[in-house]
Number of protein chains: 2
Amino acid sequence: MKFGIVIFPSKKIQDYANSLRRRYDPHYALIPPHLTLKSPFEATEEEIKNVVQKIDAIARNFNPVSLNITKIGSFKPVNNVIYLKVESPEDLVSLHSELNSAFEGDQEYNFVPHITIGQNMSDDEHSDVYGSLRMTKVQFEDTADRLHLLYQLDNGSWTVYETFRLRKE
Amino acid sequence: MKFGIVIFPSKKIQDYANSLRRRYDPHYALIPPHLTLKSPFEATEEEIKNVVQKIDAIARNFNPVSLNITKIGSFKPVNNVIYLKVESPEDLVSLHSELNSAFEGDQEYNFVPHITIGQNMSDDEHSDVYGSLRMTKVQFEDTADRLHLLYQLDNGSWTVYETFRLRKE
């Protein structure tokens, strides 16, 4: 099974993101708007129990993290993804880094905290859409107090397996 | 905000349910296949903290519950919903009843544990579809060891707020 770890931002941010995703993101119906902390990885149902313990141990060591969204960005020229840029306080970066170092394997990209609102666009489409969105004023402040471990179904959609509260003791 | 409480069955059952839902259930893209334990209710973000405590207290008093799926049923003539019938061991019924008595308000129907695979059909469509599905052999055994509290976004889709493990001590 394929698993991933995400933060779901507040309902307000999700609703805003969906108002754009419905037009620009073919994954719109597969998963709610999210900030990816650990990209998809394979694990068996047996292995995941161990993963759950690792995530739980990490979540116990973190306070809730603040998420500030101030602009719309794009990963062009790496790819044509358009996203809500999430200002990354140090604790979000270290949360990401602890979660990823708990697993073997590669780290494809530097961590740029973001919530995808558009993807799989042609270059022309990307230029049009990003051209019209990049100057949009966005301003959201949120606090994430939990993570979610998800798994993917055969149709590509994601179901939540477990929630972990950030609860430094 | 609108909240609900569900069980997500195993991936195998969800994949099977989705193979039917994609054709027969307009909610296919809004929520993964699920067994509803508490139908949608309104709560503020402040009120939900109290709800979370109530659910947590209940989950602490239950062992994981077994789910046996043996046939496809229909709620006709009450409505045109077609579903996977979940054999209801006593503990599933009492879990439902404790969760619902923790809230004020009405209980619309008797509890018939099920996973919806088709809805919003005309009478004719229902007859056709149910006629062809009712003799289908289905046989799944599963154990649910967790509940999920969800909230609904403006586009009608559902995001998980929190997971509760059934963990009688």
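How many residues of chain B are in contact with residues of chain A? In this predicted model, 27 residues of chain B are in contact with 27 residues of chain A, where contact means heavy atoms within 4.5 Å.

**Figure 1. The two copies, chain A and chain B, superposed.** Chain B can be laid on chain A with an RMSD of 0.0 Å by a turn of 180° and a shift of 0.0 Å along the axis, the superposition being by least squares on the C-alpha atoms of residues with pLDDT of at least 70 in both. The two copies are thus related as by a two-fold rotation axis. The same surface serves both of them, since 100% of the contact residues of chain B recur in chain A.

**Figure 2. The area buried between chain B and chain A.** About 2100 Å² is buried between the two chains, and carbon and sulfur atoms give 47% of this area; buried area is the accessible area (1.4 Å probe) that two parts lose on being put together, summed over both. Lys11(B), Arg146(B) and Leu153(B) supply 23% of the area that chain B buries against chain A, more than any other three residues.

**Figure 3. Salt bridges between the chains.** The count between chain B and chain A is 6 salt bridges, a salt bridge being a side-chain nitrogen of Lys or Arg within 4 Å of a carboxyl oxygen of Asp or Glu. In one of them, the side chains of Glu162(B) and Arg165(A) meet at 3.1 Å, N to O. A network of salt bridges links Glu162(B) with Asp145(A), Arg146(A) and Arg165(A).

**Figure 4. A salt bridge within chain B, between Asp123(B) and Lys76(B).** The closest N and O atoms of this pair are 3.0 Å apart. Asp123(B) lies in helix H4 (residues 123-133) and Lys76(B) in the loop between strand S3 (65-74) and strand S4 (82-87) of chain B, so the pair ties together parts that are 47 residues apart in sequence; helices (H or I, at least four residues) and strands (E, at least two) are DSSP runs, numbered from the N terminus. Asp123(B) is partly exposed, with a relative accessible area of 47%, and Lys76(B), at 36%, also counts as partly exposed (buried means under 20%, exposed over 50%, partly exposed in between; 1.4 Å probe, protein chains only).

**Notes.** Residues are numbered from 1 along each chain as its sequence is written, and chains are lettered from A and ligands numbered from 1 in the order in which they are written. Local features need pLDDT of at least 70, side-chain atom pairs count only at pLDDT 80 or more, and totals for chains, interfaces and linings use all residues, while side-chain values use heavy atoms, with hydrogens and water left out.
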